[in-house]
Amino acid sequence: VIQAVQRHNSDIEKSKSDDYPFIFDEAVADRVIGIIGKMRHTGGSFAGKRFDIQPFQAFMIAAIFGWVRKDNGLRRFKKVYIETAKKSGKSEFMAALEIYMGFFDKEAGAQVYTAASKRAQADHVFRPAKAMLTNLMKESKKLNSIARVMRNEIINRSNNSFIKTLTSDSSTEDGMNVSCGVADEYHAHTTDEILANMESGAVAREQALIMIITTAGFNKNSPCYEYRNNVVAPVLDNTFELDTLFAI
């Protein structure tokens, strides 16, 4: 966490140079935080209350969405790695981000996928996404007129976008044009096949976002542990440069 914040602050200093291609746009970051703050929790003692964005969540949202390219305003980060403790609210956090990406990212024909090793795991994010959106629809006539919440899919009828699950035990998805892919509990994935499929399906998008969120797990032979040690840690250690990865 300290390294992620230090990297953010260091990059803000770098952005003052004309040669640095990225800039942190507070207005963009604030917009996303504001939209997510209008969503409501779906379970426990917070159910029905406005999303209580914690400082660490606000930092992640701000960094992921607020860093943009100077030349065209598109998002800097194409990939996200978040490793967090159990019971840190990651499922509802990612559900909120999926709703944003499917309805508020201004991406026509957005395709948002929750990827997990099993459908039951994917539902940990997809179920709260459905509940959050249903609550928003009750408060917004416009959203109610364009959103359709079904058992296995959420549809944005205004621009042909959708949110759905993708699992290794489901049929192969051909022709994916991924705008946002979320790999939940990546430590439980025995291969990187699903993640690789989402990444290959995102190449046609100008600012697709692939997000990994996971608890640590115990399998040191997993693709998650390999990526964590060989890419994420070196980026945060500042021994490997990958400007398009946000990691924490």
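**Helix packing and selected residues in the predicted model**

The axes of helix H2 (residues 26-36) and helix H3 come within 8 Å and cross at roughly 130°. That angle makes H2 oblique to H3. Angles under 35 degrees count as roughly parallel, over 145 as roughly antiparallel, 65 to 115 as roughly perpendicular, and the rest as oblique. The structure is a predicted model, in which local features need pLDDT of at least 70, side-chain atom pairs count only at pLDDT 80 or more, and totals for chains, interfaces and linings use all residues. Residues are numbered from 1 along each chain as its sequence is written, and side-chain values use heavy atoms, with hydrogens and water left out. Helices (H or I, at least four residues) and strands (E, at least two) are DSSP runs, numbered from the N terminus. Axes are lines fitted to C-alpha atoms, for helices over the stretch in contact, and angles run from 0 to 180 degrees between N-to-C directions.

H2 passes H3 in a right-handed crossing. A crossing is right-handed if the near helix is turned clockwise from the far one by less than a right angle, and left-handed if anticlockwise. On the H2 side, Val28, Ala29, Val32, Ile33 and Ile36 take part. They meet Ala58, Ile61, Ala62, Phe65 and Gly66 in H3. By class, this contact of H2 with H3 has nine nonpolar residues, one polar and no charged. Contact means heavy atoms within 4.5 Å. Ala, Val, Leu, Ile, Met, Phe, Trp, Tyr, Cys and Pro count as nonpolar, Asp, Glu, Lys and Arg as charged, and the others, Gly among them, as polar.

H2 also packs against H4. The two axes come within 10 Å and cross at roughly 115°. H2 is therefore roughly perpendicular to H4. The crossing of H2 past H4 is right-handed. Arg31, Val32, Ile35 and Ile36 of H2 make the contact with Ala96, Leu97 and Tyr100 of H4. Six of these residues are nonpolar, none is polar and one is charged.

The axes of H3 (residues 55-66) and H4 (residues 90-103) come within 12 Å and cross at roughly 30°. H3 is therefore roughly parallel to H4. H3 passes H4 in a right-handed crossing. Gln57, Met60, Ile61 and Phe65 in H3 meet Phe93, Leu97, Tyr100 and Met101 in H4. The residues of this contact divide into seven nonpolar, one polar and no charged.

Individual residues were examined next. Asp11 is found in helix H1 (residues 2-14). Its relative accessible area is 4%, so Asp11 is buried. Buried means under 20% relative accessible area, exposed over 50%, and partly exposed in between (1.4 Å probe, protein chains only). Leaving aside neighbours within four places in sequence, Asp11 is in contact with Tyr20, Trp67 and Arg76.

Asp71 is found in the loop between strand S2 (67-69) and strand S3 (79-83). It counts as exposed because its relative accessibility is 57%. The side chain of Asp71 makes a polar contact with the side chain of Arg69 (3.1 Å). A polar contact is a pair of N or O atoms within 3.5 Å; within protein, one must be able to donate a hydrogen and the other to accept it, and residues adjacent in sequence count only if both atoms are side-chain atoms. Asp71 and Asn144 are 73 residues apart in sequence, and their C-alpha atoms are 36 Å apart in space.

Lys87 lies in the loop between S3 and H4. Phi of Lys87 is near 60°, a positive value in a residue other than glycine. Lys87 counts as exposed, at 87% relative accessibility. Glu185 also has a positive phi, near 45°. Glu185 is found in the loop between S8 and H7. At 13% relative accessibility, Glu185 counts as buried.

His189 lies in the loop between strand S8 (180-184) and helix H7 (193-200). At 4% relative accessibility, His189 counts as buried. A polar atom of the His189 side chain lies 3.4 Å from the backbone oxygen of Asp184.

Arg151 is found in the loop between strand S5 (147-149) and strand S6 (153-156). Arg151 is exposed, with a relative accessible area of 70%. Beyond its neighbours within four places in sequence, Arg151 is in contact with Phe126 and Lys130. The C-alpha atoms of Arg151 and Ala208 are separated by 25 Å, with the two residues 57 apart along the chain.
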